[in-house]
Amino acid sequence: MDVGFIILILAVLAALGHVVGRRRALALAAKSGVKLHSLPGYYGQTVALFTAVPAFVVLVAWLFVQPGIVESRVSGMIPDSVIPEGGARSLVMSDVRRIAGGLDAVLARDGQRGADVPIEALDFNNIRGRLAEVGVALGGDVPSEVFEAAKAFRENSRTGNLMMTVVVLAVAVVLGMLAYRRIEPELRARNISESFVKSLLLGASLVAILTTIGIVGSLIVETFEFFQRYPAQDFFFSTVWNPQFRGGSDLGILPLLWGTFYVSIISLIVAVPLGLLIAVYLSEYAGPATRGIVKPAIEVLAGIPTIVYGLFALVTVGPFLRDWLAQPLGLGTSSSSVLTAGLVMGIMIIPFVSSLSDDIINAVPQALRDGSYGLGATQSETIRQVVLPAALPGIVGAILLAASRAIGETMIVVLGAGAAAKLDLNPFEAMTTVTVKIVSQLTGDTEFGSPETLVAFALGLTLFVITLGLNVLALYIVRKYREQYE
Amino acid sequence: MMNNISTTMTTTPTKAPAMNEPKISARNVQVYYGEKHAIKDVNIDIRPRSVTAFIGPSGCGKSTFLRCINRMNDTIANCRVEGNISIDSENIYDPKVDPVQLRAKVGMVFQKPNPFPKSIYENVAYGPRIHGLARKKSELDDIVSSALQKAGLWGEVKDRLDSPGTGLSGGQQQRLCIARAVAVSPEVILMDEPCSALDPIATAKVEELIHELRENFTIVIVTHSMQQAARVSQRTAMFHLGNLVEENDTDKMFTNPDDQRTQDYIMGRFG
Ligand SMILES: Nc1ncnc2c1ncn2[C@@H]1O[C@H](COP(=O)(O)OP(=O)(O)OP(=O)(O)O)[C@@H](O)[C@H]1O
Ligand SMILES: [Mg+2]
């Protein structure tokens, strides 16, 4: 049965449970004369929750586990002989899945035409043509083992789905009944639904946390794989980045880290002073009306897609810097340069600095300003000597968040700074960053097994560790600063 | 140390008022917050080197009127003040008067202690620094220590001047704020419910301090505590709904007030 349909049934069952649960609570209370512990709605809610939530959890778990089981069973049916030379079992398995999907489509179409063909009647000889009719194009010849495997795959999935439907609905009905039976006026339905809600919220946050852990875990595994094939000290300490298709690449991270660092520093040099001045203006000088217009207008900068900034860098800023600065000064002839990317990225992160700092400056208690004015300080003295020092830790946090944003940026760098990995001090030279190289190592015809590809994961993990460090530091500083006024 | 104070006093020359001349006199003062008429035609004379208490039910305008005396209301966007307030016969709402300079002369202590997130030393040195009262580090040290002594805090903090002012107890923080105000050698000190966030022992210390400060400063204090008004002040002014209903010697005010509303308020019949 369709998953969406199962969910719909669950919802209906839950609603039904709510109604009957509520009614039963009221009826029991009326009969025994005992006052209900909770409002009647809570009894209904308890039944509804017991009906829907565990069944739903089972459903989700089943959907996660089933494909793995089916796949491993079917995979055993494919002999090594049909796996093409140099190919992988996983590629054959993806054929199996596609054929199985195609079979479903063929049968559905036949069903519409009124020709009710049983699955057994589909034989190996006509299948390629039939599949092509429904838009599943198969590459070369399909070995009969693969076709059989596809049929088995389909059968297994169907059985699995059927079992899932039965189990899920059974869980819903049984638990719902149990909850219904347990209703009595003394039942603390309110507390039960409270703890249910609590675990629901916990579950939601677990999803986010587990996803993060999963991503990091897979990064770590692939990075480990990479270090099996490429020495770690070369990766971390070599100053040459020169990947080759035919092996023997130099994959030193230093030039990339240097590019990342250089571009980020330039962007911070642009964004921090501007952002801070904006923040001071917005929080201390601008009236509510000005603030209401200026702040959102600046925040728009953060909403512009970075590819648009990249185009701006490529088409406008880069040529401008080359024609007016680099060439007259004899410093370079390239229109992509670290300076181009840094300037444009700086503009992009201005709102990160200004908005966060503005919030932080606003959080400085008015009492401190009053104290300073009361001593005969002017507004700018108050800002410089009382407000900004008080807000400083928070502002540092804001800057670190902006920095981690700059470090992770890709598009602006590709279009603004180019793709040449170089260790150079000249800001008019083209350079590149870690993120850009992650992209370029993974695009094109790649094979997941060579160090040239796996290096992307090592780069990603390094970048992740750096930005995570910055974020943790920033959060720590911001939190410490918050406590100061509490 | 005293000569520091006196030299700084001569740098901002003011007419020394005779004892019978009022230090502060307000004539027909009206204050509006937008449309709201918060202070209605208040006239009052405040004597030099004495403590005047403002009492009255919540929202009657005590803080508002107090903030007129050092023009702190200028920092509130929709607040408008009319009428005339003079200190030493000089109208402080005259366009020639710089409110920033005025506030150096009329210090303020707030309801909640609000030390800056800086060291104890820096808290006290803040005012003298911005007004350039000290030419040398040693002069600044003298100003800081004498202000802390006047605020009765010196003994408790002299060994930890570098630790943060926010780390002191509430009562110590409030005395630090008083020291901070005293350090710029003002002539008038305005206090808006300075003890309302303090426990009885800290309150007693601050009251004692007010008693001593009276020798050198003109003090105006807003308070909700009748006992406190009776203990620290010589004159008391009663506000009600933006009006000044009575201003009298404290002793008379608490034994035999002229106005029925004062009597009701003191007896706890409203507010
Ligand atoms: N910033 C402001 N904007 C608008 N109205 C204000 C503002 N400050 C005070 N008011 C109003 O002015 C009136 C007087 O307020 P004020 O703070 O002077 O009272 P108060 O006597 O000090 O009261 P409390 O004893 O509670 O401190 C009140 O009605 C108050 O609502
Ligand atoms: Mg008040």
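Me: What makes strand 1 and strand 4 of chain B a pair, and in which direction do they run?
Reply: This is a predicted model. Eight bridges join strand 1 (residues 24–33) to strand 4 (residues 79–87) of chain B, and the two run antiparallel. Pairing takes at least two bridges, so these strands qualify.

Me: Which sheet do four strands of chain B form?
Reply: An open one, in the order 2-1-4-5, with antiparallel pairing. Strand 2 and strand 5 (90–91) of chain B are its edge strands, each pairing on one side only.

Me: How do you know that helix 2 of chain B packs on this sheet?
Reply: Helix 2 of chain B touches strand 1, strand 2 and strand 4 of chain B. Touching here means heavy atoms within 4.5 Å. The helix direction makes about 120° with that of strand 1 of chain B.

Me: Why are strand 6 and strand 10 of chain B called edges?
Reply: The sheet concerned is open, with six strands in the order 6-7-8-3-9-10 (chain B) and mixed pairing. Strand 6 (106–109) and strand 10 (243–249) of chain B each have a single partner strand, so one side of each lacks a neighbour in the sheet. The twist averages 20° from one strand to the next.

Me: What joins strand 9 of chain B to strand 10 of chain B?
Reply: Six bridges, between antiparallel strands. Two would be enough to call them paired, so the case is made. Ala237(B) has Glu247(B) as its bridge partner in strand 10 of chain B.

Me: Which strands of the six-stranded sheet does helix 2 of chain B touch?
Reply: Strand 3 (51–55), strand 6, strand 7 (188–192), strand 8 (218–222) and strand 9 of chain B. Helix 2 (residues 62–69) makes about 155° with strand 7 of chain B. Helix 7 (residues 170–182) of chain B lies across strand 6 and strand 7 of chain B, at about 170° to strand 6.

Me: Which element gives the most to the shell around ligand 1?
Reply: Helix 2 of chain B, with three residues.

Key:
Residues are numbered from 1 along each chain as its sequence is written. Chains are lettered from A and ligands numbered from 1 in the order in which they are written. This is a predicted model: local features need pLDDT of at least 70, side-chain atom pairs count only at pLDDT 80 or more; totals for chains, interfaces and linings use all residues. Side-chain values use heavy atoms; hydrogens and water are left out. Axes are lines fitted to C-alpha atoms, for helices over the stretch in contact, and angles run from 0 to 180 degrees between N-to-C directions.
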